[in-house]
Every structure is written in C-alpha cells, then in structure tokens.
Amino acid sequence: MIQFILRRLLQVIPVFLGTTLLVYFMVFALPGDPIRALFGDRPPSEAVIAQLRQQYNLDEPFWVQYGLFLKNLFTFNLGVDFTGQPIADTLARVFPVTAMLAIEALIIQGVFGIAFGLVAGLRKGGIFDSSVLVLSLVVIAIPTFVLGFALQLLIGVQLGWAKPTVGSNVTWGSLILPAVVLGMVSFAYVLRLTRASVIENMNADYVRTATAKGLARRQVVTTHVLRNSLIPVITYLGASLGALMGGAIVTEAIFNVPGVGQKLYQAILRSEGPTVVAIVSVLVLVFVLANLLVDLLYAWLDPRIRYEN
Amino acid sequence: MTDFITLDPVVAPAPGRNEPVLEVRGLSVDFGVDKKWVPAAIGLNYEVRAGEVLAIVGESGSGKSASSMALLGLLPSNSRVTGSVKLVGQELLGTNEANIRAVRGKEVAVIFQEPMTALNPVYTVGAQIVETVRLHSEVSPDEARLRALRMLELVELPDPEKAFRSYPHQLSGGQRQRAMIAQSLSCDPKLLIADEPTTALDVTVQAEILDLMRNLRNKLDSAIVLITHDMGVVADLADRIAVMRRGVIVETGTAAQIFHNPQHEYTKALLAAVPHLGQGGSDTSGEVDVTAALAAAAHAELTSIPEEQLLRRERENAAALAAAAAAKPQGEPVLELTDVAIEYPKQGRVPAFRAVEGANLVIYPGQVVGLVGESGSGKTTIGRAAVGLLPVAAGTMKVVGQDISAAKRNGRQLHEMRRHVGMVFQDPSSSLNPRLPIGESIGEPMFLAGVAKGVELQKRIEALLDQVELPRNYRNRYPHELSGGQKQRVGIARALSLKPKLMVADEPTSALDVSVQAKVLDLFQNLQKELGFACLFVTHDLAVVDVLADRICVMQRGRIVEQGTRDQILRNPQEPYTQRLLAAVPLPDPEKQRERRELRAQLMAADPS
C-alpha cells in the first residue's frame with residue numbers, strides 16, 4: 001500500500017513538469033507585449049520598459065525563462081506579478097475561496113445526487129424515477145452560464161432569498177447559490193450513475209441472499225446495496241473535484257467570487273506567465289491528489305481491489 | 001454458554017417423525033409478462049419431514065427454482081403465488097412481511113448456486129454470518145462471533161479463524177460454498193433449501209460438498225429440499241424425489257422407486273439422457289465397471305460389496321481391458337505437442353503466467369482425444385494454443401503438419417493453419433454474433449477463406465444446416481430466436497464449414513440441459529464418424545469424454561498427469577489424481593453411488609492430498 005502511494009506521488013513529477021512547460025509555452029507564445037499592455041494608452045519611456053523587461057526576465061529566451069521559473073519555484077520563491085504583488089500572496093488569497101466553493105459544490109452534488117439516485121433506483125419506473133430522469137437530462141442540457149444567470153435573477157434578485165453576488169466578504173453561506181450552479185451538472189451525472197448502480201446491485205445474487213437471511217428491505221439497502229453501489233460513484237466524485245476547482249471560471253464570473261477562476265482569467269488577459277503557471281501548477285497538484293484519494297477510497301470500499309505487487 | 005450455541009443432534013421439541021416440517025399444497029407460481037400471467041409452477045403438492053432430503057429434479061424452465069423461492073417470498077414483484085405452504089403447521093403464504101422475515105434465515109435457510117455472487121463481495125465471511133446470527137437472536141457481538149466460528153468449523157473449513165476474516169474472493173469455490181452453508185445453518189433452521197448447491201463446482205469439490213451435506217443432515221436433523229438438474233447429485237443425497245417438467249410435478253417417489261422403476265415417460269427419458277460414466281465407448285468394449293476398476297487399481301477393500309462379487313467384477317474388468325484392442329493410429333499426426341509450455345503473456349505490471357508445462361500429446365487423423373481436468377488445470381489453454389490463440393512458450397506444437405510454435409501472432413502462417421482447424425465454444429449464446437443471421441455466421445469462414453460465394457455459398461450453408469439437423473429456413477433467423485441446443489448446432493456447423501482436419505471443442509455441451517446435451521453429443525459423434533475429422537475435446541465432464549473419446553488425457557495443475565485409451569483410463573487408472581477424479585463423479589443410481597462413495601472415502605484416506 002505504502003509502495004503504491006509512493007509510486008503515485010512520484011508520478012506527480014513528470015505530470016507537473018509537463019503541464020507547467022506546456023502552460024508556460026502557451027503564455028509565452030501569446031501575441032502582444034505584456035509590459036506595454038500594462039500601461040495601456042500612456043506608454044512609458046523605452047528605458048522604463050527595458051528595465052521592467054529585464055526585471056521580469058522577459059528579454060531572455062524561452063528555455064531560460066522557464067528554467068528561472070523552475071529554480072524560483074523550488075526555492076519557494078514565486079516572485080511578484082506585474083503589479084508588484086507577491087504571487088504567493090495572490091495564491092493564498094484566491095485558493096481558499098475556490099476550495100470552499102468546490103467543496104460546497106461537491107457536498108451538494110454528492111449528498112443530493114446519491115440520495116435522489118438511490119430513491120430513483122429503488123423505485124425504478126415510478127413517477128419519482130421518471131421525473132427525476134427527465135429533470136436531470138434538462139439540467140445536463142442547459143449551459144452553466146444560462147443556469148447561473150437564471151438562478152441569480154430568480155433567487156438572488158426577484159425572490160431575494162440569497163445575495164445575488166458574493167463580493168469580497170466570502171462566507172460558506174454566501175457561496176451556496178454559486179455552489180449549486182457549479183455542482184448542478186455533476187449532480188445530474190451523480191444521480192444517474194447512482195441510480196444505474198443501485199438498479200444493477202438490487203438484482204445481484206447477494207441481495208437475494210441478504211433477503212433470504214431475514215433482513216428487512218431497509219437493512220438490505222443500507223448495508224448491502226449502498227456500499228456496493230457507491231464504488232463507481234466515488235470515482236466520479238473524486239474526478240469531478242478537480243473539474244470543480246478548475247472549471248469555476250464561469251460561475252465565479254457570474255457571482256463575482258474572488259477566486260481562482262477570476263484571477264486566472266485576469267492573468268491570461270495580461271499575459272502574466274508566472275501567475276498563470278503558478279495557479280495551474282496548484283490546480284494540477286489538486287487534481288493528482290484528488291485522484292490518488294479516489295484510488296485509496298476505492299480500495300477501502302471494495303476489498304477486491306488491492307494495490308500490492 | 002446459552003442454549004442457542006449448542007449443536008446437539010437432538011432438537012428438543014422436534015416435530016414427530018411423521019409430521020412434515022414443510023407441507024406444500026396446490027402451490028402455483030405465475031409471472032406477469034406483457035400483462036399476461038405465465039405459469040411457472042402449477043398446483044404443486046409435496047411435503048418434507050425432519051432429517052429427510054427431498055430432491056426436486058428438472059431441467060431449466062421446469063419451475064423447480066421459482067417454486068422453491070416462492071416458499072419464502074423471494075420472487076420478484078412481478079410474480080403471483082397461490083396455494084398453501086405450511087411450515088410446522090404455520091401458514092407462510094399471505095402472512096405479513098414481519099412474520100415471513102422472522103422465518104427467513106431462522107426457520108428456513110437457503111443455499112444458493114453460485115457462492116461467489118451469493119455472498120456480498122465487500123464484507124468478510126465472518127461479518128456476514130455474524131449479521132445473520134445477530135439478526136435472529138439477542139446475543140452480544142462476541143457470542144455471535146463465537147457462534148460463527150463454530151459454524152465455520154462445523155462445515156469443515158481447514159482454518160475457521162482465517163475464513164472468518166476472509167473476503168469471499170479470497171476463498172476457493174468449495175470454501176465459499178462451505179461458508180455459505182455455515183451461514184445458512186447458523187440459526188439452526190428447521191428446513192434448508194439448497195438451490196443447485198454444487199452446480200458451479202468442480203467434480204471433486206462437488207463430492208466434498210455432498211459429503212458435508214450428508215454429514216450435516218445426520219447431525220442436525222433438518223429437513224432439506226434439494227433443487228438440482230443433476231441425477232448423480234440426486235442419487236447421492238436424496239431420500240425422496242419429485243420430478244418437475246414445465247411447472248408440474250410429473251412423478252414423485254422414493255429414490256429407489258424413481259431410479260429403478262420410473263413410471264412417467266419424462267422421468268425415463270431424463271434418466272436415459274444422463275451421461276453415465278462407463279456406459280459410453282465403442283460397441284466392443286461394453287460398459288465399464290468403474291467402481292471395480294478403481295477398487296482394483298487402488299487395492300481398496302469395500303464393505304458394501306461382498307468380496308467374491310468384487311473379485312468377480314474386477315476379473316471381468318481386467319479381461320475386458322486385455323481384450324480391448326487399441327486401434328492402430330494411421331497417418332500423419334494432426335496435432336502434436338512435444339514438451340509444450342504455454343504462457344499467458346505479461347500485461348503491464350502483471351507478470352506472464354505459465355498455465356501449461358511439459359505437455360506431450362498426439363492426435364492422429366480421425367481420433368477423438370478427450371482432455372479432462374478441473375478448473376484451472378490448463379485444459380482450455382491447450383485448446384486455445386492449438387488454434388494459435390495463445391503463444392507457445394517452449395517445446396514444439398505441430399498443427400496439421402505445420403510447426404506453429406514460433407509463428408507470429410496473427411501472422412500469415414496462423415491464418416493459413418486456421419483454415420484446417422474448426423473450433424466450437426462453450427457458450428453458444430455469446431460465441432455467435434447476435435446481429436448476424438445464423439446463415440451468415442455459418443457461411444462467414446467460407447466467404448473469408450474465399451472457398452465459395454454467391455449461390456455456391458448458399459448451397460454450402462444449406463448442406464451444413466442439413467448436417468447439423470436444423471431446418472434450412474432457419475438460415476435467416478437470429479441467434480436469440482434459437483434455443484441453446486440449436487445455437488450449439490449452429491456453432492458446430494460453423495466449425496465444420498471449412499471441412500477441418502482438426503476440431504477443437506471447448507466444453508461444447510456444458511451449458512446445456514442433459515436431454516439437449518445428449519442430442520448434441522449424439523449429433524457430434526455421428527458427424528465425427530461420417531466426416532472423420534480429428535478432435536480435441538476439452539471438458540470437465542468425464543462422462544461426456546467417455547461417450548466420445550478414443551483416448552483420454554487427464555490434466556492437473558498445468559500438467560498432463562495421465563493419458564491412455566479410454567479403456568486404460570477407465571478400467572485401470574494409475575495416477576491417484578485420476579482415481580480421485582473418477583471416484584468423485586456421482587452415479588445416477590443410489591446403490592452404485594453408495595459403493596462409489598465408500599471407495600472414494602478410502603481413496604481420500606489413503607492419499608488425502
């Protein structure tokens with residue numbers, strides 16, 4: 001087991017190098033001059049520009065820039081962005097916000113997706129099942145920004161049940177509406193996955209055995225069906241955590257959440273290589289660790305899966 | 001220790017000897033299909049007494065399983081059950097959910113067919129037994145654990161502590177079924193329903209489980225309803241027998257009555273269809289007395305047979321063996337294996353697995369060689385390698401005169417070779433393409449090989465359908481429109497389409513009902529005689545090999561441990577493993593099976609490995 005975890009952690013190194021190199025190159029290849037863009041309509045003197053270029057290593061060739069970035073990274077010095085703010089501070093400010101948002105969305109989609117899916121699966125073919133299936137299809141079909149604006153208008157503005165935007169003062173409560181929007185599509189998938197898995201497991205031989213032992217239906221479902229049904233769902237939930245962290249750009253823009261998505265968007269607009277790469281690096285780490293966690297959960301849920309050699 | 005832990009054979013307020021534990025009257029089961037009631041069982045009447053085994057025998061679709069699951073209300077919701085089921089006088093049908101739950105697992109326990117899927121894969125065996133115990137009695141977790149360990153000991157698991165901690169997939173098939181039995185016995189049920197308890201197991205394991213069930217019946221005094229299609233199992237265990245066909249009990253009687261004096265046509269047909277080890281073979285050698293052969297080979301002394309009778313039977317056997325002239329092989333070998341080792345190639349981090357080692361085997365034209373062994377013995381591996389589906393890791397393998405040991409995977413050489421080799425697979429449902437009409441399935445090899453097309457191809461397809469005795473107009477049907485036996489006929493026709501010199505048949509009849517199996521085997525035998533192809537017949541069923549094979553090879557753990565003519569293997573088996581394998585096959589005759597059982601016990605005592 002320990003060996004498996006170590007092996008997986010070692011895999012992070014090539015993944016990390018590959019993604020940062022790719023992202024760094026893409027930012028490098030963006031058209032336009034980031035320094036000139038910084039000053040907008042009032043260009044400074046050439047001397048100032050040259051000095052700034054040197055300060056941010058922008059006059060070096062690509063490989064030198066990337067090498068310097070890596071060197072700084074491993075000395076835990078992420079440098080400063082074009083506005084002079086330390087990038088580490090920026091990360092420390094935006095990541096907790098997005099993490100809160102993603103975790104809230106994950107909980108919402110997990111709890112409601114599994115609960116609705118379980119009930120629908122147990123009442124296969126009933127009214128609840130049919131309506132939930134249709135609704136989940138509708139949710140999957142609607143783009144996130146349409147759903148986001150619609151809920152913002154309806155619940156935030158017209159009904160006034162929640163604040164329409166989040167702003168700088170981020171609390172768990174203020175994130176509920178964006179979390180619902182963010183988790184909505186995955187919720188539909190979790191629901192459908194749980195439903196299919198429950199239906200399959202209800203027909204399994206061991207369920208008949210459990211009934212023949214004398215267990216009540218509720219006991220059969222909670223102790224025997226649920227755990228077996230959760231195995232594929234957990235995999236999906238874990239993989240979706242990464243997607244939630246990185247995919248919050250639209251949701252964060254709609255609800256004005258000062259998180260990773262917003263910051264990343266600004267940094268890309270300004271061709272701020274170091275900031276973009278720093279944010280993406282952390283996202284890569286989150287993604288890889290989430291997947292590792294899923295694999296461990298998987299082995300815990302299903303004893304047939306063991307990672308020994 | 002509480003009363004409940006005791007396992008004394010005497011159950012205090014036991015029902016009287018003649019009072020039935022289970023009394024079934026007018027039991028009918030219907031399933032709702034497309035808003036119509038389709039009957040699965042009609043007006044069944046039977047009863048079972050304590051300490052008695054009632055076997056309900058029938059082929060698939062006879063309603064034997066459905067009617068038994070109906071006793072405990074275990075049928076899906078689209079079913080309807082009518083009639084009366086009384087357990088020690090208490091009516092079970094129509095009683096409320098709480099009452100029936102109290103009966104399930106406590107008064108009436110069930111053993112299912114496939115212990116791998118019938119046990120929950122994510123909980124340990126111990127946890128599942130403890131769950132049953134604690135459900136029906138107020139005991140502490142420690143007491144329940146103790147009880148579970150005792151049950152695991154009772155079912156003769158070698159290491160109960162370890163089995164308690166094991167997950168189902170960590171146990172072997174036989175151990176899993178023992179665990180399943182331990183669970184079902186954990187609350188001292190009055191009635192045990194065993195639904196095909198040994199069907200998924202190897203024959204030697206089956207014999208062990210049957211021994212265990214017989215011991216338990218004597219110890220526990222429960223009534224047992226045994227549901228099975230296997231007449232050998234019935235002969236081994238049953239006191240009384242009910243024969244079911246299409247939802248109706250056509251005949252009931254004691255085991256002796258049914259086996260020796262069957263009244264109903266169907267019972268007679270069913271008994272006649274059961275392949276009977278020793279009965280097959282060529283016309284000259286006659287029936288083989290396997291029990292006597294084994295007794296002579298193992299120098300066993302049996303108490304159930306008078307000594308002079310045994311000696312006479314052994315002498316007759318020896319004389320028959322001496323008289324049996326082995327046909328002289330003629331021509332070039334069609335399949336020749338010399339010191340062959342076969343490996344499943346390594347996949348990623350999974351290392352290569354050597355499934356067969358040092359195999360030597362020769363098949364001459366027109367010869368049928370039976371390759372028998374238990375699951376995991378490597379018999380199917382040899383069959384697959386013979387058609388080039390697995391690479392040869394060492395030694396030489398010649399197929400139809402060509403050495404394919406070094407052939408490239410999917411190379412030209414294998415492609416050429418496969419034109420001369422036909423293959424019949426185990427499961428006819430999954431080995432035919434469901435989207436192709438069967439005529440096209442049969443014609444495809446000929447079309448691909450370029451032997452025939454157009455009208456000529458159609459004629460060849462019709463001729464093949466005639467050969468396997470299927471109507472020509474079946475050509476346009478799809479596999480799902482055919483029965484299992486018909487599908488296997490299509491599989492045989494496809495294998496024959498290129499007029500192969502060698503046929504590899506991998507368990508072609510093991511998925512079929514006995515009466516269907518008998519017909520398919522008959523057809524196969526006639527075709528083989530008529531067309532004269534050589535055949536490697538892979539099977540776990542010794543009785544099937546006995547019917548077909550000229551020579552028999554016995555495999556164990558990747559090695560061919562013994563081979564010889566059919567007479568040599570059946571009349572004078574030398575290897576202890578072959579002897580054990582032969583002794584484990586149950587005979588569809590209670591008296592002969594008793595002799596066989598004693599013999600097997602002696603063999604096991606002499607060599608318990």
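Trainee: Where do I start with chain A? What does its secondary structure come to?

Mentor: Count the elements, then read their order. Chain A has 13 helices and 0 strands. From the N terminus on, the elements run α-α-α-α-α-α-α-α-α-α-α-α-α. Remember that this model is predicted.

Trainee: What does the C-alpha trace of chain A span along its principal axes?

Mentor: About 85 × 60 × 30 Å. Now look inside. Chain A has 309 residues, and 44% of them count as buried.

Trainee: How much of the contact in chain A comes from residues 24 or more positions apart?

Mentor: Take the contacts in chain A with a separation of 6 or more. Residues 24 or more positions apart account for 76% of those.

Trainee: Now the interface. How many residues of chain A are in contact with chain B?

Mentor: There are 23 from chain A, and they meet 25 residues of chain B.

Trainee: How is the size of an interface often given?

Mentor: As the accessible area lost when the parts come together. Here chain A and chain B bury about 2200 Å² between them. Carbon and sulfur atoms carry 56% of that area. Three residues stand out on the chain A side: A:R208, A:A212 and A:K213. They supply 28% of the area that chain A buries against chain B, more than any other three residues.

Trainee: How many salt bridges does the rule find across this interface?

Mentor: It finds 1. A:K213 pairs with B:E131, and their closest N and O atoms are 2.6 Å apart. Look for polar contacts too. The rule finds 11 residue pairs in polar contact across the interface, both residues at pLDDT 80 or more.

Trainee: Which elements of chain A give two or more residues to the side that touches chain B?

Mentor: Two helices do: α9 (205–213) and α10 (217–246). α9(A) gives the most, with 7 residues. Then sort that side of chain A by residue type. It divides into 7 nonpolar, 8 polar and 8 charged residues.

Trainee: Is B:C553 buried or exposed?

Mentor: Buried, because its relative accessibility is 0% and the cut-off is under 20%. B:C187 is buried as well, with a relative accessible area of 3%.

Key. Residues are numbered from 1 along each chain as its sequence is written. Chains are lettered from A and ligands numbered from 1 in the order in which they are written. This is a predicted model: local features need pLDDT of at least 70, side-chain atom pairs count only at pLDDT 80 or more; totals for chains, interfaces and linings use all residues. Side-chain values use heavy atoms; hydrogens and water are left out. Contact means heavy atoms within 4.5 Å. Buried area is the accessible area (1.4 Å probe) that two parts lose on being put together, summed over both. A salt bridge is a side-chain nitrogen of Lys or Arg within 4 Å of a carboxyl oxygen of Asp or Glu. A polar contact is a pair of N or O atoms within 3.5 Å; within protein, one must be able to donate a hydrogen and the other to accept it, and residues adjacent in sequence count only if both atoms are side-chain atoms. Helices (H or I, at least four residues) and strands (E, at least two) are DSSP runs, numbered from the N terminus. Ala, Val, Leu, Ile, Met, Phe, Trp, Tyr, Cys and Pro count as nonpolar, Asp, Glu, Lys and Arg as charged, and the others, Gly among them, as polar. Buried means under 20% relative accessible area, exposed over 50%, partly exposed in between (1.4 Å probe, protein chains only).
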